[in-house]
Amino acid sequence: NAQAPKGGRLVEGMLGNFDSLNLLLVLGLSVQAVRGFVYESLLARGYNETFTLYGLLARGVETDDARDYVTFSIDPAARFSDGVPVTADDVVFSWSLLRDHGRPNHRTYYSKVLRAEILDKYTVRFDLAGDNRELPLILGLMPVLPKHAINVATFEQTTLAKPTGTGPYVVSDVQVGKSVTF
């Protein structure tokens with residue numbers, strides 16, 4: 001409802017503690033809510049439909065029957081929280097960064113991409129090894145990170161720096177061991 005009242009406060013509990021806002025690395029204990037609130041992916045799950053994904057940052061997806069490739073067309077209206085447009089360069093950067101420096105599951109899946117090619121500012125194609133028919137879906141669920149706001153040299157370190165993402169929220173306050181305000 002576009003006319004629904006805006007504002008309010010929602011408080012959610014979390015078990016344990018945290019020392020990082022970067023949930024994409026092995027070190028530290030991260031705040032998992034960053035994934036859905038701050039970072040988004042090209043596609044979003046249809047939780048009531050098995051193996052169904054819908055466009056989130058992507059407005060189009062193309063693959064062949066053998067799933068030897070997948071091409072994503074990014075919605076030109078997609079923006080990071082600092083106003084910078086999301087481009088194919090950000091998608092390839094995210095894939096490369098997570099393949100080389102991400103969690104073990106990212107490294108495993110993303111290493112099965114034979115080649116990533118930027119076709120134009122908003123279109124990226126991944127050529128796949130062909131041994132995993134689910135890989136196009138997995139790539140569609142990859143978090144898209146801002147190339148302009150990530151320091152590759154410090155990516156694998158825990159951080160409390162406020163991340164830049166495309167999600168509906170930004171981190172506004174962090175009190176280590178106590179709370180994160182979006």
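Author: A charge is said to sit over a ring if NZ of Lys or CZ of Arg is within 6 Å of the ring centre and within 35 degrees of the ring normal. Arg99 lies over the face of Trp95, at 4.4 Å from the ring centre, and Arg125 lies over the face of Tyr69, at 4.1 Å from the ring centre. This is a predicted model, in which local features need pLDDT of at least 70 and side-chain atom pairs count only at pLDDT 80 or more, while totals for chains, interfaces and linings use all residues. Residues are numbered from 1 along each chain as its sequence is written, and side-chain values use heavy atoms, with hydrogens and water left out.

Reader: Why is Ser41 called buried?

Author: Buried means under 20% relative accessible area, exposed over 50% and partly exposed in between, with a 1.4 Å probe and protein chains only. Ser41 has 5% relative accessibility, so Ser41 counts as buried.

Reader: What makes Asp127 buried?

Author: Its relative accessible area is 14%, and therefore Asp127 falls under the 20% limit.

Reader: What joins the side chains of Asp127 and Arg125?

Author: A polar contact of 2.7 Å joins them; the term stands for a pair of N or O atoms within 3.5 Å, where within protein one must be able to donate a hydrogen and the other to accept it, and residues adjacent in sequence count only if both atoms are side-chain atoms.

Reader: Why is the pair of Phe37 and Tyr169 called tilted?

Author: Rings of Phe, Tyr and Trp (its six-membered ring) pair if their centres lie within 6.5 Å, and planes under 30 degrees apart count as stacked, over 60 as edge-to-face and the rest as tilted. For Phe37 and Tyr169 the centres are 5.2 Å apart and the planes 50 degrees apart, so the pair is tilted.

Reader: How do you know that Phe37 is partly exposed?

Author: Phe37 has a relative accessible area of 28% and Tyr169 one of 41%, so both residues count as partly exposed.

Reader: And what makes the pair of Phe72 and Phe126 edge-to-face?

Author: Their ring centres are 6.3 Å apart and their planes stand at 70 degrees, so this pair is edge-to-face.
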